[in-house]
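This report goes through the fold, the overall dimensions and some selected residues of one protein chain. The sequence and the model are shown first, and the discussion follows.

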Amino acid sequence: RVIRLTGPACALILGAAWLDRHGAVAPSFAVTLGDWSYSLYLTHILSLVLMGRLWTLAGLNDLPAPILIIALILFSLIVAGLTYYLIERPLIHVAKRARKRLFRDGGR
């Protein structure tokens, strides 16, 4: 699996880097997902465990795996988005204000 996926993953990253270097504009959904990425990194395990438990409690274990996978991904993204807008972004704003107060030149 690693051998099969390494080539396409490298090509995707190199292609994105090439496009960025040559002034291509990223689609807005990609920018949004990039903004959410740290929140996703921090919350995805909790989101997946919670969704798995809810899925089991609802008795939906006999549904096809692709449906479960799509639901898990969407739920993780929703939690990441909420975390970004409700926690991460306000904390970034507070940190920027504190930095400006601590450093007269704006922290540069």
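In which helix is Leu74 found? In this predicted model, Leu74 belongs to helix 3, which covers residues 65-102.

The secondary structure consists of three helices and zero strands, and the order along the sequence is α-α-α. The radius of gyration is 19 Å, well over the 13 Å that the globule rule gives for 108 residues, so the protein is more spread out than a compact globule. Of the contacts with a separation of 6 or more, 70% are accounted for by residues 24 or more positions apart. The values for the whole protein are collected below.

| Property of the protein | Value |
|---|---|
| Span of the C-alpha trace along the principal axes | about 60 × 35 × 25 Å |
| Share of buried residues among the 108 residues | 14% |
| Accessible surface | about 9000 Å² |
| Share of that surface belonging to carbon and sulfur atoms | 71% |

On the surface there is a nonpolar patch formed by Ile70, Leu74, Ile78, Leu82, Tyr85, Leu86, Ile87 and Leu91, whose accessible area together is about 830 Å².

Is Ser47 buried or exposed? Ser47, which lies in helix 2 (residues 28-57), has a relative accessible area of 3% and is therefore buried, since buried means under 20%. When residues up to four places away in sequence are not counted, Ser47 touches Phe75, Ser76 and Val79.

Key. Residues are numbered from 1 along each chain as its sequence is written. This is a predicted model: local features need pLDDT of at least 70, side-chain atom pairs count only at pLDDT 80 or more; totals for chains, interfaces and linings use all residues. Side-chain values use heavy atoms; hydrogens and water are left out. Patches are made of residues with over 30% relative accessible area and no salt bridge: like charges are joined within 9 Å, nonpolar side chains (Val, Leu, Ile, Met, Phe, Trp, Tyr) within 5 Å. Accessible areas come from the Shrake-Rupley method with a 1.4 Å probe; for residues, only the protein chains shown count as cover. A salt bridge is a side-chain nitrogen of Lys or Arg within 4 Å of a carboxyl oxygen of Asp or Glu. Helices (H or I, at least four residues) and strands (E, at least two) are DSSP runs, numbered from the N terminus. The radius of gyration is taken over C-alpha atoms; the globule rule is 2.2 Å times the number of residues to the power 0.38. Buried means under 20% relative accessible area, exposed over 50%, partly exposed in between (1.4 Å probe, protein chains only). Contact means heavy atoms within 4.5 Å.
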